[in-house]
Amino acid sequence: MKQRQYYFLLTAVIGVLSISIASVAQDVAMAHNIKFLQQENTTPSQSLKAVLKGLETEYGVFFTYKNASLDNKTVNFNLKSEGDINKLLDKRLKPQKLKYKKIDNRYVIYSEGEKIDFKLIKKISVKAEQESFTTYNNLESIPALKVERMSIIINTADITVKGKVVGESGEPMPGVNIAVKGTATGTTSDADGNYSITIPDNAILIFTFIGYASQEIAVGNRSVIDVSLVPDVKTLSEVVVVGYGTQERKDVTGSIASVDIKTIRDVPIQTADQALQGRMAGVDVQSNSGIPGGGVKINIRGVGTTNSTEPLYVIDGYYPGNINSLNPNDIASIDVLKDASASAIYGVLGANGVVIITTKRAKSGKPTVTLDSYWGQQTPRHYLNLLGNRDFATVSNNAKDNATIDDNFNNFISGKPGNINPLDGSNRVPSLKDLNNLPKYDKTTGSGDQVGKEINTDWQKEVYRTAMTRNHNLTISAGNDNSRLLVSVGYLKQDGVLKGTGFERMSLRLNGDVKFNKLTFGSNIYFAQEKRQDNSGGRSGGATTSITKASPSLAVYNSGPSYILGFNGNVRERDGQDAGNPLRDLIINDQINRNYIGLASIFAEYEIIPGLKYKLNLGGDMNIGYNRGYNPVYVSSDYDYRQLATLNEYNGRSFGLLAENTLSYEKTIGKHKFNLLAGYVARQSLFSSFSAGKNTFPVGDLIRVASAGKSATGYEGNQYNSSQLGILGRINYEYDKRFYVTANIRRDGSSRFGKDYLYGTFPSASLGWRLSQEEFVKNISFISNLFLRAGWGKIGNQDIGDYKYRAVINSYPVYTFNQNTLSTGGTLSDAANSKIRWETTTSSNIGLDISILNNKVSLTADYFDKTTSDILLTTPIPISTGYDGQPTTNVGKINNKGFELASTYQDKAGDLTWALGGNITFIKNKVVEINGDKSFIPGAIDGASGGSRPITRTEAGHPVGAFYGLVVEKVLQNNSEIYYNDAKDGNSGSTYGGSTLKPGDIKFKDLNGDGKIDAANDRTYIGSPFPNYSYGFYGRAGYKGFELQIQFQGVQGSQIFNLARYWTEGMQRNFNYDNHTLNRYISENTPGNGSVPRANSNDANNTQISNRYIESGSYLRLKNLTLGYNFNQIFLNKLHSISNLRIYATASNLLTFTKYTGYDPEVGAGYADPNNYAATSNLNRNVDNANYPIPKTLLIGIQVGF
Amino acid sequence: MQKIHHKIILTLVFVFAAFWSCKQGFLDKVNPNQLSVDSFFKTEDDALASVNSAYGASQRLELWGRKYFFLFDLLSDDIKGNDPLFADGQTLAAYSFNAGSETVTDIYKGCYRGIERANYTIANLNTLKDSTTAKVLRIKGEAKFLRSLYYFDLVANYGAVPLRTKVNGSANDLTPMDRTPANQVWAFIEKDLTDAEGLLPDSYDGADLGRATKWSAKALLGKAYLYQKKYPQAAAKFKEIIDYSVANPTKLGLMKNYRDNFVEVSDADGSYVEFNKESLFEISFAGADRTGGFNTWGQDGSNAPGEGTFRAIEYGFTIFGNTSPSLDIVNAYPDTDPRKRMNMFGPGSTYYPGKVATPYSRSDWQHKKYSNLGSANGTGDDVQNYQGSSINMRVIRYADVLLMYAEALNAPASGNGTAFDPAAVLAIDQVRARVSLPGCGASDPSSLFSAIVNERRYELWCEQVRRKDLVRWGIAKTVLGSKFVVGKHELLPIPQTELDLTSGMKQNPGY
């Protein structure tokens, strides 16, 4: 099926391509100048042209020739003596090296070897009433209807045109490409910007220069043409999309960041984070995971709530949209409304900021076809240094021996694999006990020369791979002033670097516009099918974690007779924390998630009177999610098998509807300019799901449908719906291009709010003052623009879940009467909060926009202070209320303060142009209040020991999800260190949970000085997942056809809790270890490096949640490096139909500078619901349980335009 | 052309208007996944389901499912804690618990859970179309009885507690509530039980067996009077029950076999003996195989029959053995009292592993009451296999009523009454006669009081009344020793979390 879809798509692409190539080729051929000619008279030598004129009347024929070709040609000719015209011409023209061809009664005369478009001439010869020769400057200018009876002389006199190319401010521009349209003729401007070119009469010159808008100029009669080129994107006339409209960038008073579309237009974007990450100040973007199709998590201006911080995505006016299912190739612009004064127009949806995405639309003009394809590969950026079999055996034996000694050889620890062997007096794993006799490959586990050698499996090499990725995108755009259509077809296939993972997307977009007098219609239609394969069992704690645990002394394969599916397995009992055989789980399981996405919206706009417009926007979206997971039977060892094959299917359907009516009015009276907006919005969304499972399937796993399963394992389904109504209004006022005011108001009602708080009102306002228009600044010559902005606003977040305000009935609490008669039950479920309402974000913003040196340098600085209050948290309630659950109430408060700076610089020298840009964001995140300043919210659970010790805490005075644990003081070196002076209880010193320490154990700090280490009193804040600052910068350079783009991105000062090291350095289980454990404490004489404790498989101390696992999360990453070459116009003309050709190579995540030892310092979100790739928790940020690593990518691509 | 424009505008206006008009109800979304409070409590059946859930609260781990017997037994001299006893239990046995005690918190929590469910039932009965049908009135009586049952343990053990009497429908009504003086709580209990007396029937048949009856309410009301030292009222209330028993000996009275009160089927004849005529109220546990469901112990969140109690497993010497009969009781219990070996295994006892009587080989004494070991219906390995027990826990039985009646009549000995009443001796001797013991022989208030103390100890051993009796009688320190601090340990501490969340709430003295 997969293959077939692929071929179908390919065929469609090729089909469309062939048609376009054919028609475009024709056009290009037409454009070639035609050279024509003709003949003679008898007597003495006469001008050939004159002779032809005579023949015309005589024979009733017509001639067509190129004026220049016949210049100075003479013939001997006697009109009367000649008979057949063909012979006549043969005789006269051949000596002149001229040929002719008859088309109807027209003779086309041309030079030998010259190529003539006879079809065109035939086309021109239609009908007309004109008798004499007519001269035209080129073939195409001949009015076709009048031609049939006319002889045509084409003037092709070459002329020389000179001129000077200058830039916007009059500076000379060297190296500008000047080409004659439709020919291979061309030149470049010299150091002073001067050029000179000889061209055919009436040619069209094309001036191109990287970074500047190309210009086409018809030469006409001019011989001197001076050209002034304009930069491609003029910062000041840039338009940004604000909610319900657009505004000129320079006039925006709120805080709006935009992705500089130039920086992504020519870079292949596989995932949305590549378009967003590090490109805007104040916008924090993280990949959820390195898994293909994993999506991104975006936080705008800090984490403002412990609930969802997903911004609102508005895609072509429809919301809420989903950025992850969008084909990134379709994106035309991305604008981010960062502060409340900008986003309040979106009311209860706007609190986390708004990302407005506009997709490409067709422009009127010649139809264009663009094909963009790239191919490449992805590889893991970094491997962990895990041990080989001998080192592993050594550490493992050491751990077991220490535990045995601790236990006085009596008590053997049950439930831990590899611990139990009381009979031989040792705890050692039997197979690893003797280093001289480690497990070896035999005939079933190894092949050929492997047999007899020690098993030494590198699991990372077994499961990671170089993964292929490919993308094809075809965009066809056509239209005129009244109707336009853009069609975009995309196909992306990405294999994951981890085997058994991959992503595939097919998408189709149809964007149309129709204009009908004062009425404008538009439509956006998008369909996509996504397919994710994920056998890794979750992006955190699944296969990626197993790999770090799997024993190197376990062979991968085993072809033993009882080994179903041929994978080897652990020979000892599993206890649920074991790794098993990670490769097997990735290969044999079959976990597929499909999404069918549709989004359609239409709008109609009518201009009632000039300036007054009514707009209706209607849209709907659907997402049908379908997951299927099949896990076959396998036997890999006596302890490692699956008895029953299972199949689980899930089907979720969501539908959304949006209807918006807006009325806008624009009016300028003198120096006053108004823009008013009012609107009414209704929105609704429905969701339902059904899931079911079965087990026991026919042998061989060939039949994987539910009906084939023998027993049902369960089924369930749910439904959710919600709705929202809103009215909105906005005033933009501008005075004298100096003072600007914007005020928004939105009143929203939501089905999620309690009756008492059904509607909320969200106001905002912002002011701008263009200082550069004031006299005192005007005189400062280097300042081009100086704009001071300030804004304030209040917005809501309704992302609080459905039905929270209404109590429901729990019918489970039943009772048995009469011995065994089960009764019905029904009582209030957990307490509901009827007053539940939106979270409120209030933010203030002050900003300054500066442009200097003729806009070469621009700088935007913003300071913001944002407080989210009424955060929904579960609140402890008095026990006497009788409820078990804690109701959610609007109680928490979180503050984010920050400073953002973004700057760009662009310039050029000679043939070289360049631009530099950068941004930096400082944010201070602080919880102000949780449940009235009393308690905290526990975050990620360590999960490692099956215990319930949270790794993070969210508490007043600290950042959200700060790491919390014990503090390592030192590794105890000898017995005398164990007894320390501050032991107040006279005991042997530091203990944890009652276990007595030995040399080689970690001594944690006794923070409260009570002489013992305990969870209640000695834990503290040990790190923050938030950076001090995050930054991004890019450079772009163009030289002739080459262009280079380079983008860096990084964070500084954050910490990562490397939970994977709990296993790899814990040395408490028979799992593989990393090479730091070779520096462990072994004895007083071999104390290791002083920071790695002793190995102990009965450890209850060293593996406590502590700052032992905290690492710096700072990194600087070469996010993107692209080198491209644009073939110039002159070359392209030789290729006929191709109007644009670019080849490029791109590397993503090529270099990463970090001290972090895990897979990747960009940890991504921790555990997330696999059915909802966007949902992640802010409470476990930067907790890395060997999360799926973000790969390094190398791509080559080609863009062809027709 | 102009016409077309008009049409378009009209259409748009229409669409616009359509969205305005759908405003009504557009934002009112009902949760399709669970019954909403708005759609529940419309019928008698809903009311019944609601009160059933109030019964269900008693089965939870916090109450009779597990913690109830631990708390009150460990705080008495009935049992001793053994080595595997959970840490919190050890603090109970040692009287070193504080306001953070998990068990003390759990009882408090379990009672309030039941109160909330009863409150919800009572508050909503009035919203029924017809709230005066016999069934609705009965349900009201049941709910009031249950509410009193839960409040009884709160006020008797914690003293003043928040008196929550209304339904707490939403989080904003969940404001902390300070403690209500104990006498007001008692008054509320009296009122509820007086109402319940009038609303409840004499008995039930079939599927309703086990619901609170008029006699359940009277017994609890009498007990409430007794605890408040309102002796004449208490005696009068118990007398009503005794009179009924005399008139209807088949409906209410002592069972012939003492052990029939702690098993499901009688050792004697294999008949089903739960909800027997001696039982005035019991907490019902049931397992499909009468052993208690393994997966559902102590929960009321199950849709399957099989809510078991932990009693058998926690106290069972064949597996957990968390507690044993205390040395005090073993020594004090006369060997001549047949109840000793009905309640305990000791040297010379037999039990029934695999239903074959097997000699008990240990030298110490262990629990037999409420155990399937030694029960005609149980098998020896029941406890190990199922970990739960489906034997109902008796809350008040007729023997208790007789003894409380005697105590009420003998009020002078407790300091409030006036004269020796031979009727009290008769009541005690009835209880003794059932197990073929001679009369207690008391002849004055003082010896009668001793007889009551002893009889209650032997008859009601491990039925969670001992500690309350000792406190009530003011002899706790004498009996329990110095670990019991007078002026402090009469009451349990209000749980710390409750205090933390209620500003101004005062802890009981000493904690």
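Chain A averages a pLDDT of 82, and 85% of its residues score at least 70. Among the elements of this chain, the lowest mean pLDDT, 43, belongs to helix H1 of chain A, spanning residues 2–31. At the other end sits strand E57 of chain A (residues 1110–1112), with the highest mean, 95. Over residues 943–948 of chain A the pLDDT is below 50, and beyond near neighbours in sequence this stretch has 10 contacts in the model. Residues 981–990 of chain A also stay under 50, and here the model has 19 contacts beyond four places in sequence. Where pLDDT is low, the predicted coordinates should not be read in detail.

Turning to the strands, chain A has an open sheet made of 4 strands, running in the order E17-E21-E22-E20, with mixed pairing. Its edges are strand E17 (256–258) and strand E20 (312–315) of chain A, each of which pairs on one side only. On average, and with direction ignored, neighbouring strands of this sheet are turned by 20° against each other. The partner of E20(A) is strand E22 of chain A (residues 354–359); the two pair in the parallel sense over 4 bridges. Within this pairing, A:Val314 has A:Ile356 of E22(A) as its bridge partner.

Elsewhere in chain A, helix H10 covers residues 459–463 and holds A:Gln460. With a relative accessible area of 3%, A:Gln460 counts as buried, because that value falls under 20%.

Over all chains, the count of disulfides comes to 0. For B:Cys462, the closest cysteine sulfur is that of B:Cys111, 19 Å away, so the pair is too far apart for a bond. A disulfide would need the two sulfur atoms within 2.5 Å. B:Cys462 is also buried, with a relative accessible area of 0%. B:Cys440, on the other hand, is partly exposed, at a relative accessible area of 23%.

Methods: Residues numbered from 1 in each chain as written. Chains lettered and ligands numbered in written order. Predicted model: local features only at pLDDT ≥ 70, side-chain atom pairs only at ≥ 80, totals over all residues. Heavy atoms only, no water. Buried < 20%, exposed > 50% of the residue type's maximum accessible area, 1.4 Å probe, protein only. Pairing = 2+ DSSP bridges. Axes fitted to C-alpha atoms, helices over the stretch in contact; angles between N-to-C directions. pLDDT = per-residue confidence, 0-100. Contact = heavy atoms within 4.5 Å.
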